[in-house]
Amino acid sequence: QVQLVESGGGLVQAGGSLRLSCAASGRTFSSYTMGWFRQAPGKEREFVAAISWRGRATYYGDSVRGRFTISRDNAKNTVYLQMNSLQPEDTAVYYCGAASGGGRYLNEYDYWGQGTQVTVSS
């Protein structure tokens, strides 16, 4: 069992930065691929980024590649999402998840956090 708690969301102006954190409980955190998805009102949950269990492989959605960076610290049971050059279209609830698969698809995820709101003003 893995429990996930996101933090770091908030309101930021376009062009600004935020860093999201996802703290995990459970002894098996390091064995999971970890990922971030986001969901804007009226839209489907969208893949943002994923990182392999040892952090050697990372994957990004097309809309965030080059602006967002995912990382993890297995000693702290935490995964991060550094978001730079934020734009209004990045506004969404951001969810952290733990996947037993590759991490790019929703159905690969076994556990989810409650989400954290990110709002980017123009």
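Q: Let's start in the middle of things. Is strand E5 enclosed or open to the outside, and why?
A: This is a predicted model. In it, strand E5 (residues 46-51) is largely enclosed by the rest of the structure, because 5 of its 6 residues are buried.

Q: Which strands pair with E5?
A: Strand E4 (residues 33-39) pairs with E5 in the antiparallel sense, over 5 bridges. Strand E6 (residues 58-60) also runs antiparallel to E5, joined by 3 bridges.

Q: Which residue in E5 is the bridge partner of phenylalanine 37?
A: Phenylalanine 47. On the E6 side, isoleucine 51 has threonine 58 as its bridge partner.

Q: What do the turns look like?
A: The hairpin of E4 and E5 has 6 residues between the strands, and glycine 42 there takes a positive phi near 80°. E5 and E6 also form a hairpin with 6 residues between them, and in that turn glycine 55 has a positive phi of about 80°.

Q: Switching to the open sheet. What is the order of its 4 strands?
A: E1-E3-E8-E7, with antiparallel pairing. Strand E1 (3-7) and strand E7 (68-73) are the edge strands, each pairing on one side only.

Q: By how many degrees are neighbouring strands of this sheet turned against each other on average?
A: By 15°, direction ignored.

Q: Disulfides next. How many does a search of the whole structure find?
A: The search finds 1 disulfide. Cysteine 22 is joined to cysteine 96, with an S to S distance of 2.1 Å. The cysteines are 74 residues apart and link distant parts of the chain: cysteine 22 sits in strand E3 (residues 18-25) and cysteine 96 in strand E9 (residues 92-99).

Q: Which hand is the link of cysteine 22 and cysteine 96, and are these cysteines buried or exposed?
A: The link is left-handed, with -80° about the S-S bond. Both cysteine 22 and cysteine 96 are buried.

Q: What about the largest nonpolar core, how many residues has it?
A: It has 30 residues, and those with the most contacts inside it are Leu4, Met34, Trp36, Leu81, Met83 and Tyr94. The elements giving two or more residues to this core are E3, E4, E5, E7, E8, E9 and E11.

Q: What does methionine 83 touch?
A: Leaving out residues up to four places away in sequence, methionine 83 touches Gly16, Ser17, Leu18, Leu20, Arg67, Phe68, Tyr94 and Val118.

Q: Back to the cores. Which residues does the second, separate core include?
A: That core has 5 residues, among them Phe47, Ala50, Ala99 and Tyr109.

Q: Last one, threonine 116. Where does it lie?
A: Threonine 116 is in strand E11 (residues 116-121).

Q: Does threonine 116 count as buried or exposed, and why?
A: Threonine 116 counts as buried because its relative accessibility is 10%, and the cut-off for buried is under 20%.

Q: Which backbone nitrogen does its side chain reach, and what does threonine 116 touch?
A: The side chain of threonine 116 reaches the backbone nitrogen of glycine 9 at 3.3 Å. Not counting residues up to four places away in sequence, threonine 116 touches Glu6, Ser7, Gly8, Gly9, Leu20, Ala92, Val93 and Tyr94.

Definitions and conventions
Residues are numbered from 1 along each chain as its sequence is written. This is a predicted model: local features need pLDDT of at least 70, side-chain atom pairs count only at pLDDT 80 or more; totals for chains, interfaces and linings use all residues. Side-chain values use heavy atoms; hydrogens and water are left out. A disulfide is a pair of cysteine sulfur atoms within 2.5 Å. Buried means under 20% relative accessible area, exposed over 50%, partly exposed in between (1.4 Å probe, protein chains only). Two strands pair if DSSP finds at least two bridges between them. Axes are lines fitted to C-alpha atoms, for helices over the stretch in contact, and angles run from 0 to 180 degrees between N-to-C directions. A polar contact is a pair of N or O atoms within 3.5 Å; within protein, one must be able to donate a hydrogen and the other to accept it, and residues adjacent in sequence count only if both atoms are side-chain atoms. Contact means heavy atoms within 4.5 Å. A nonpolar core is a set of buried Ala, Val, Leu, Ile, Met, Phe, Trp, Tyr and Cys residues joined through side-chain atoms within 4.5 Å.
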